[in-house]
Amino acid sequence: MTVSERPPISTFDEWSVYLDDIQSDDDIPRIMLALYDSVGFTRDALAHAIDASWTWPSSPFTLLPPDRWRELFDYTGYIENSRRIDRDQVHIPTTLYRYSEHTDNGPSRWSWTVSADEAIKFETAFGDEPRKGCIWVAENVRPSQVLAHFTEKQLHQPYGGFENEYVFVTDPGQISEHLCQIA
């Protein structure tokens, strides 16, 4: 059977077989995209693959081009953890927050959370030393801008608990600096 004759991946178990030999969590989005382009996924199976591809790497947005991420999310529809859900059936906040360095195009990235208190936890997310950056706030968030909500990823220490992450496609006119520490 050729690749084009194979049925699309339709279950989490079929998808997870491809993760057995990965070298790094950063490989997961590229594996997902290669499978999407070659054999395809059902929408439900792709929701599981997106969940792993977005929540396991430390910086998933940088691992695939934004237009390909958007294509994947558009195909599945809104995702709540690994499940596809009608966006009208969930509460989507109208204000979201993000912590990032001031110089890394932080406000244009898609990982956002529900409060400044949650966002500040990412000041130390990528090392022992606090990063100099800002808490950004996005107001008047429209439900159509929010592609997913993930709550099952363990937070880094010392905070513990779980992330409350919204995948939010930003509009620069909605974003302002909330609290900044400029070096």
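Which residues in the largest nonpolar core touch the most other members?

1. Trp-15, Met-32, Phe-41, Leu-72, Phe-73 and Trp-110 do, in a core of 29 residues. Such a core joins buried Ala, Val, Leu, Ile, Met, Phe, Trp, Tyr and Cys through side-chain atoms within 4.5 Å. Helices H2 (28-38), H3 (43-55) and H4 (66-76) and strand S6 (146-150) each give two or more residues. H3 gives the most, seven. Helices (H or I, at least four residues) and strands (E, at least two) are DSSP runs, numbered from the N terminus.

2. The model is predicted: local features need pLDDT of at least 70, side-chain atom pairs count only at pLDDT 80 or more, and totals for chains, interfaces and linings use all residues. Residues are numbered from 1 along each chain as its sequence is written, and side-chain values use heavy atoms, leaving out hydrogens and water.

3. Ser-53 sits in helix H3. Ser-53 counts as buried because its relative accessibility is 0% (buried is under 20%, exposed over 50%, partly exposed in between; 1.4 Å probe, protein chains only). Its side chain reaches the backbone oxygen of Ala-49 at 2.8 Å. Beyond four places in sequence, Ser-53 is in contact (heavy atoms within 4.5 Å) with residues including Trp-15, Met-32 and Trp-69.

4. There are five salt bridges (a Lys or Arg side-chain nitrogen within 4 Å of an Asp or Glu carboxyl oxygen). Asp-44 pairs with Arg-84 at 3.3 Å. That pair links helix H3 to strand S2 (residues 83-84), 40 residues apart. Arg-68 and Glu-71 meet at 2.8 Å, both in helix H4.

Definitions and conventions: A polar contact is a pair of N or O atoms within 3.5 Å; within protein, one must be able to donate a hydrogen and the other to accept it, and residues adjacent in sequence count only if both atoms are side-chain atoms.
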